[in-house]
Amino acid sequence: MQSKITIVSPVYGAEKMLDQLVERLKVVLDSLTNDYEIILVDDCGPDNSWDKIQENARKYSFVKGIRLSRNFGQHYAITAGLDYAQGEWIVVMDCDLQDRPEEIPNLLAKALEGYDIVLARRHERRDNFFKKLFSRAFYGVLGYLTGSHQDSSIANFGIYHRKVVEAVIKMRESIRYFPTMIRWVGFRRTAINVEHAEREEGKSSYNMKKLLNLALDIMLAYSDKPLRMTVKAGLIISISALLVAFYNVIYALVVGFAVLGYASLMVSIWFLGGLIILTLGIIGLYIGKTFEGVKNRPIYLVNESVNIPSADAIRKKQTYKTTVG
């Protein structure tokens, strides 16, 4: 295997794990090819991860570092790494070593059978109870709101062919979610079971609130199901109102007119008023996200980099301008 391999890893709060990550990746990649690079994207976490990235970049020329100007988020950091990736095969993995570098040969071997995308399926997750609970809730909400199947055992970890990555980086929308973008571009894909490791240091930056907010953003960016749900709700209420009106007419003709109840009137007003406000709110969210998109701001901003060739940086800027300009 002599094709170039690129490792892209977003970094947040991983200062104590970066040395081990680089060393384990080096051992694995040396056994696969003599042409590889490791791109570590610092998403401006609370620790000194950037100093550790620079230290490893000085030690190894194949380690490349990118530091964003602020905390943009995991999937924006992944985009930054993909923009600068040069390999024929690109591996995306987390920096916390729960995605084991030792699984990369298995992913590559499966890809060489003729697949463009090989995803890592965590058949036994090594997370605590609450992390698993939050994850199941996130994928459940996301699957319902987007009307698509979401597998909680599959995240970002996987190996992707160059043409897949080129397709993904052409998608410059402001809301980023890597797994959904990978699913959208298509190509021949499969998944294999991998061993999932326990987190050695720190804790995940995702909590229930962040996961639900992410699910809402993804739903607004990739699905119009909430709008369809409001249409269905309006239709159901309209049909129900016609049935109630028909019942009242028959009742009045057979039994006679009765004094309408104040409670039922108020309940109807509040229910319909709440439904109208909910509908307007959903439409407002879509309009707000559309407004963010038409601003055409950069997806991320790079503050500084290390071991990134200037010619490569210029090429990437030209690609970006061609794509969104």
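1. A salt bridge here is a side-chain nitrogen of Lys or Arg within 4 Å of a carboxyl oxygen of Asp or Glu. By this rule the count is 16 salt bridges. This is a predicted model: local features need pLDDT of at least 70, side-chain atom pairs count only at pLDDT 80 or more, and totals for chains, interfaces and linings use all residues. Residues are numbered from 1 along each chain as its sequence is written, and side-chain values use heavy atoms, with hydrogens and water left out.

2. Arginine 172 and aspartate 83 form a salt bridge, 3.1 Å from N to O. Arginine 172 lies in the loop between α6 and α7 and aspartate 83 in helix α3 (residues 74-84), so the pair ties together parts 89 residues apart in sequence. Helices (H or I, at least four residues) are DSSP runs, numbered from the N terminus. Both partners, arginine 172 and aspartate 83, are buried (under 20% relative accessible area; exposed is over 50%, partly exposed in between; 1.4 Å probe, protein chains only).

3. Arginine 176 sits in the loop between α6 (162-169) and α7 (178-185). It counts as buried because its relative accessibility is 2%. Its side chain makes a 3.2 Å polar contact with that of threonine 79 (a pair of N or O atoms within 3.5 Å; within protein, one must be able to donate a hydrogen and the other to accept it, and residues adjacent in sequence count only if both atoms are side-chain atoms). A polar atom of the arginine 176 side chain also lies 2.4 Å from the backbone oxygen of methionine 171.

4. Glutamate 113 and lysine 110 pair in a salt bridge at 3.2 Å, N to O. Glutamate 113 is exposed, at 53% relative accessibility. Lysine 110 is partly exposed, at 24%.

Note on methods:
Helix = DSSP H or I, 4+ residues; strand = E, 2+ residues; numbered from the N terminus.
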